[in-house]
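Dear colleague,

Please find below the structure that I am handing over to you, with its sequence. My findings follow directly after it.

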Protein chains: 2
Amino acid sequence: MAKYEGVSLSVVRRLPRYHRFLEDLLKAGVHRISSRELSSKMGLTASQIRQDLNCFGGFGQQGYGYNVPALHAEIGKILGLDQGLRAILVGAGNLGRAIATHMAFETKGFTLSAIFDSSPQVAGESVRGLTVLHTDEMERYCRAYHPDVAILCIPKEAAQQLAEKLVSWGVKAFWNFSHYDIAIEHQGIIVENVHLGDSLMTLCYRINNTVDGEK
Amino acid sequence: MAKYEGVSLSVVRRLPRYHRFLEDLLKAGVHRISSRELSSKMGLTASQIRQDLNCFGGFGQQGYGYNVPALHAEIGKILGLDQGLRAILVGAGNLGRAIATHMAFETKGFTLSAIFDSSPQVAGESVRGLTVLHTDEMERYCRAYHPDVAILCIPKEAAQQLAEKLVSWGVKAFWNFSHYDIAIEHQGIIVENVHLGDSLMTLCYRINNTVDGEK
């Protein structure tokens, strides 16, 4: 597959939004959209969209606008949604179960292939059609199946210990819901954090004060 | 309370992390920390931390470092965690229940005061000690109790309709887990988005490609 290098993270973070908006347009039967219309729908400027897409080659045609199905497919390819990365989920508590059952992993580039929990009571239960395995089996599993990503839905202390082990077993990326900042102690590991508490505190500040700049 | 104006959102977004790290230090019994130590723990430069804190008046003392309990308390005040904002949660499905039961709302500035669901089967159930109310009761509730925030754990289409109503009933802020981008159609409303699907797709890209810049 084509590899993109050096595109900035802020551009990359907008790609899923483009993909999401284009998917909505597709579902609504829209096959062509002007850059002005797309930008007003997305709350961006037309030139911002052009600049973003130019990082990957550019897809607009002067006076034609964007071809919705083609651009949707292209952005999906850029994101690598067709690569079938394998994810394991660690921690089948409230949050872990919700993530496992709520997320459409397949449409976001991933297959959820195993779920682990440290509680012997939880191991053996079925979540999203998968039998929850005990964390004792994780090393064997990782060495045998080389999952690309570990989704951490466990408390901070457990995350700190487990991240270290998972890295030593070859896991190179994390979708991290714990409050442990993995990336600081593990250079070269890819971490996408979802710090829900941080998000809630940010909201608290924004309600109490005026903030400069938008999302 | 003191109001801060015009601090940039990127600085604001780092405040909860400071609060989190300082809380860990407090729990570990650390009462004083040099700016160098704090910065290495957080993966930031000392000058970045100084600059961030200077937006709110600055708290370091030359040659002394930071007083951990004082800085922790001060950042909590800046965030407004002591203001007791009232939140309602809409959508008691998998994700909504997990959010309701998993989050320590009180330590993040909020009280969760009501949970709503559109399903008559779900209304009446107990989640986090609250009886789930039917969404038909939401207008009466909002007009009577003026919640500060609505947490949306509902599908996009429902979010689009409900956000409009909630705004008309006086709700001015959203913690948004739906895929509907509220802020685009409702100017002046404060929205903190948790787009889990976008986060997962960003991770997919980052595994497949090299990205410039961190976090």
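By what turn and what shift along the axis can chain A be laid on chain B? A turn of 180° with a shift of 0.0 Å along the axis does this, and the RMSD is 0.0 Å. The relation is therefore that of a two-fold axis. Within chain A, the residue that comes closest to this rotation axis is A:Ala98, whose C-alpha lies at 3.1 Å.

Please note that this is a predicted model. The predictor assigns the complex an ipTM of 0.93 and a pTM of 0.92. For chain A the mean pLDDT is 92, and 96% of the residues reach 70 or more.

The interface

Contact between the chains involves 61 residues of chain A and 60 residues of chain B. On the side of chain A that touches chain B, the elements that each supply at least two residues are the strands E1 (5–8), E10 (173–176), E11 (190–193) and E12 (210–212), together with the helices H1 (9–27), H5 (94–102), H8 (182–185) and H9 (196–208). The largest share comes from H9(A), with 13 residues.

E12(A) is joined to strand E1 (residues 5–8) of chain B by three bridges, and the two strands run parallel. A:Val211 stands opposite B:Val7 in E1(B).

The sheet of chain A

Chain A has an open sheet of six strands in the order E8-E5-E4-E9-E10-E11, with parallel pairing. Its edge strands are E8 (133–134) and E11, each of which pairs on one side only. Four bridges link E10(A) with E11(A) in the parallel sense, and A:Ala173 stands opposite A:Ile190 in E11(A).

Which helix of chain B packs on this sheet? Helix H9 (residues 196–208) of chain B does so, touching E4, E5, E9, E10 and E11 of chain A, and its direction makes about 170° with that of E11(A). From chain A itself, H5(A) lies across the strands E4 (85–90), E5 (110–117) and E9 (149–152), running at about 150° to E4(A).

The sheet of chain B

In chain B, six strands form an open sheet in the order E8-E5-E4-E9-E10-E11, and the pairing is parallel. Strands E8 (133–134) and E11 (190–193) of chain B stand at the edges with a single partner strand each, so one side of each is left without a neighbour in the sheet. Strand E5 (residues 110–117) of chain B is joined to E8(B) by two bridges, and these strands run parallel. B:Asp117 stands opposite B:His134 in E8(B). Helix H5 (residues 94–102) of chain B packs on the sheet, where it touches E4 (85–90), E5 and E9 (149–152) of chain B, and its direction makes about 150° with that of E4(B).

A helix pair in chain B

Helices H1 (residues 9–27) and H4 (residues 68–79) of chain B pack at an angle of about 145°, with their axes 9 Å apart. The crossing of H1(B) and H4(B) is left-handed. Among the residues that make the contact are B:Leu15, B:Tyr18, B:Leu22 and B:Leu26 of H1(B), and B:Val68, B:Leu71, B:Ile75 and B:Leu79 of H4(B). The residues of the contact divide into 12 nonpolar, three polar and one charged.

Yours sincerely

Notes: Residues numbered from 1 in each chain as written. Chains lettered and ligands numbered in written order. Predicted model: local features only at pLDDT ≥ 70, side-chain atom pairs only at ≥ 80, totals over all residues. pLDDT = per-residue confidence, 0-100. Axes fitted to C-alpha atoms, helices over the stretch in contact; angles between N-to-C directions. Left-handed = near helix turned anticlockwise from the far one by under 90°. Contact = placed C-beta atoms within 7 Å. Nonpolar A, V, L, I, M, F, W, Y, C, P; charged D, E, K, R; others polar. Least-squares fit on C-alpha atoms with pLDDT ≥ 70 in both. Pairing = 2+ DSSP bridges.
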